[in-house]
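This report walks through one protein chain, from its overall make-up to single contacts. The sequence and model come first.

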Amino acid sequence: MIRDEILGLIENHTYNEGETIPSDDEIAETYGVSGPTAHRAIDLLVEAGYLERRPRKGTIVRTPRISQRYGTILQSFDDEMHQHNLVPRTQVISSHKTHASAEVAGSLRIKEGALVYEIVRLRYANDAPNVLVNSFVPLDLYPHIDDVDFAHESLYAYFAGQGNPVLKARRTLIVVKADSYFSALLDVPAGDPLERFSTIAFTSSGRIGEYSVAYYRGDINAFEFNTDVVSGSGESGDFETDK
């Protein structure tokens, strides 16, 4: 089958991730089949997640989805990527002191206008942008946080080093569409789905140490969740991620 032939070329890296493969017409000519037959073979690989059709760019080889446990365990992004034999990298887009908005203050359970430290990080897997994370940290909990280079330091490792580690977190997931800002940073078409996780992290002191919003690319990430039946109610309670 043509599908199997092309899949073999993907698996042996004749066609590499992000590379544009020949057009349907070129494939039809190469294999001596009709245009609709070639088109269907490519559609099957698109449906299986190996290829992606992009307007004005042609058909490209997709990056395999990264199966992540972000929703169920507390683990650094670097450790998660290393487990998948991927090379992680973090780019700090911005980091500065600011005054907490009503949303941030409510999430951190502090007064509106209180000083917080905001860090925006773009995190890569094998040089492909994977997730954009916007974190807010109460400055009174970690007054020297602005001395840290978070391009190379894990936020939660820093918390632990300060004697006030994160013990558990509550995360909420919704799906949103990429606007022009996320399209440019995450290298996805505008309108593509993003998995938006909001996180409230609880520290050993009993305070909330971080409120963050993370936007994961929907095309290269998959998330695993554990589910339990709650006896008697048939409904689960608040979801918490425990370390």
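Contact here means heavy atoms within 4.5 Å. Helices (H or I, at least four residues) and strands (E, at least two) are DSSP runs, numbered from the N terminus. This is a predicted model: local features need pLDDT of at least 70, side-chain atom pairs count only at pLDDT 80 or more, and totals for chains, interfaces and linings use all residues. Residues are numbered from 1 along each chain as its sequence is written, and side-chain values use heavy atoms, with hydrogens and water left out.

## Overall make-up

The chain holds seven helices and 11 strands. Its C-alpha trace spans about 70 × 50 × 30 Å along the principal axes. Of the 243 residues, 42% are buried. Buried means under 20% relative accessible area, exposed means over 50%, and partly exposed lies in between (1.4 Å probe, protein chains only). Among contacts between residues at least 6 apart in sequence, 59% join residues at least 24 apart.

## Helix α1

Helix α1 covers residues 2–11. Ile2, Ile6, Leu7 and Ile10 are its buried residues. Seen down the helix axis, they fall within an arc of 130°, so they line one face of α1. The arc is taken from the directions between the helix axis and the C-beta atoms. An α-helix has 3.6 residues a turn, so residues three or four places apart point the same way.

The cover over this buried face includes two helices, α2 (24–31) and α3 (35–47). It also includes strands β1 (51–54) and β2 (58–61). Just after α1, His13 takes a positive phi of about 65°.

## Nonpolar cores

A nonpolar core is a set of buried Ala, Val, Leu, Ile, Met, Phe, Trp, Tyr and Cys residues joined through side-chain atoms within 4.5 Å. The largest has 21 residues. Leu108, Phe182, Leu186 and Leu194 touch the most other members. Helices α5 (102–108) and α7 (180–186) each supply at least two residues of this core. So do strands β5 (115–125), β6 (128–138), β8 (193–203) and β9 (208–217).

Phe182 is in contact with Leu132, Asp187, Val188, Leu194 and Tyr215, leaving aside neighbours within four places in sequence. A second, separate core has 15 residues. Tyr117, Leu139, Tyr158 and Phe159 are among them.

Two strands pair if DSSP finds at least two bridges between them. β4 and β5 run antiparallel, joined by 11 bridges. Arg89 has Tyr124 of β5 as its bridge partner. β5 also pairs with β6, again in the antiparallel sense, over 10 bridges. There, Arg121 is partnered by Val133 of β6.

β5 is mostly covered, with 10 of its 11 residues buried. The hairpin of β5 and β6 has two residues between the strands, and Asn126 takes a positive phi near 55° in it.

## Salt bridges

A salt bridge is a side-chain nitrogen of Lys or Arg within 4 Å of a carboxyl oxygen of Asp or Glu. The count comes to 10. Arg89 and Asp127 form one of them (3.8 Å, N to O). Arg89 lies in β4 (residues 88–99) and Asp127 in the loop between β5 and β6, so the pair ties together parts 38 residues apart in sequence. Arg89 is partly exposed at 38% relative accessibility, whereas Asp127 is exposed at 60%.

Arg53 meets Asp43 in another (3.2 Å, N to O). This pair links strand β1, which holds Arg53, to helix α3, which holds Asp43, 10 residues apart. Arg53 is partly exposed, with a relative accessible area of 30%. A network of salt bridges links Asp24, Asp43 and Arg53. Arg40 and Glu47 also pair (3.2 Å, N to O). Arg40 is partly exposed at 41%; Glu47 is exposed at 58%.

## Thr203

Leaving aside neighbours within four places in sequence, Thr203 is in contact with Tyr142, Asn164, Pro165, Val166, Leu167 and Gly209.
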